[in-house]
Amino acid sequence: MFRKILVPTDGSEYARKAFETALNLAKVMDASLLLLHVCCSPETHYGQELSRQLCSGHGDLSMGADLVFKATIGSLDTGRIGIKRKAITGYPAVGILEEA
């Protein structure tokens, strides 16, 4: 029924539980997962480069996103499920809807 499942994450415990549910569903449906982190830093208020620095706290979006992805996946056994990771900046609701 499902071939791809989008799982937005902010690294919170709630996102981790949502990921665990999506992972179990993906195992049953033989689907792949897309783990999406949308860093909320409105570029209308800041320039793009400054937004990325504010977003990650490290000056690099990928470094901050890696921490979020690690917090979300944790030590869960993902088995043979294909998991792609994607990080973008913008408004979370808009980014999630555009990805969907």
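Reader: In what order do the three strands form the open sheet, and is the pairing parallel or antiparallel?

Author: Good place to start! Keep in mind that this is a predicted model. To read a sheet, follow the strand order and then the pairing. Here the order is β1-β2-β3, and the strands pair in parallel. The edge strands, each pairing on one side only, are β1 (4-8) and β3 (83-89). On average, neighbouring strands are turned by 20° against each other, direction ignored.

Reader: How many bridges join strand β2 to β3?

Author: Seven bridges link β2, residues 32-39, with β3. For one of the pairs, look at Leu36, whose bridge partner in β3 is Lys86.

Reader: Which strands does helix α1 lie across?

Author: Helix α1, residues 13-29, lies across β1, β2 and β3, and runs at about 175° to β1. Helix α4 (residues 92-99) also packs on the sheet, where it touches β1, β2 and β3. The direction of α4 makes about 150° with that of β2.

Reader: Which residues touch the most other members of the largest nonpolar core?

Author: The general idea first: in soluble globular proteins, nonpolar side chains tend to be buried together. In this model the largest nonpolar core has 14 residues, and Ile5, Val7, Phe19, Leu33 and Leu35 touch the most other members. At least two core residues come from each of β1, α1, β2 and α3 (61-73). The most come from α1, which gives four.

Reader: And what is Ile5 in contact with, leaving aside its neighbours within four places in sequence?

Author: Ile5 contacts Ala22, Leu25 and Ala26, along with Ala31, Ser32, Leu33 and Leu34. Happy exploring!

Note on methods:
Residues are numbered from 1 along each chain as its sequence is written. This is a predicted model: local features need pLDDT of at least 70, side-chain atom pairs count only at pLDDT 80 or more; totals for chains, interfaces and linings use all residues. Side-chain values use heavy atoms; hydrogens and water are left out. Two strands pair if DSSP finds at least two bridges between them. Axes are lines fitted to C-alpha atoms, for helices over the stretch in contact, and angles run from 0 to 180 degrees between N-to-C directions. Contact means heavy atoms within 4.5 Å. A nonpolar core is a set of buried Ala, Val, Leu, Ile, Met, Phe, Trp, Tyr and Cys residues joined through side-chain atoms within 4.5 Å. Buried means under 20% relative accessible area, exposed over 50%, partly exposed in between (1.4 Å probe, protein chains only).
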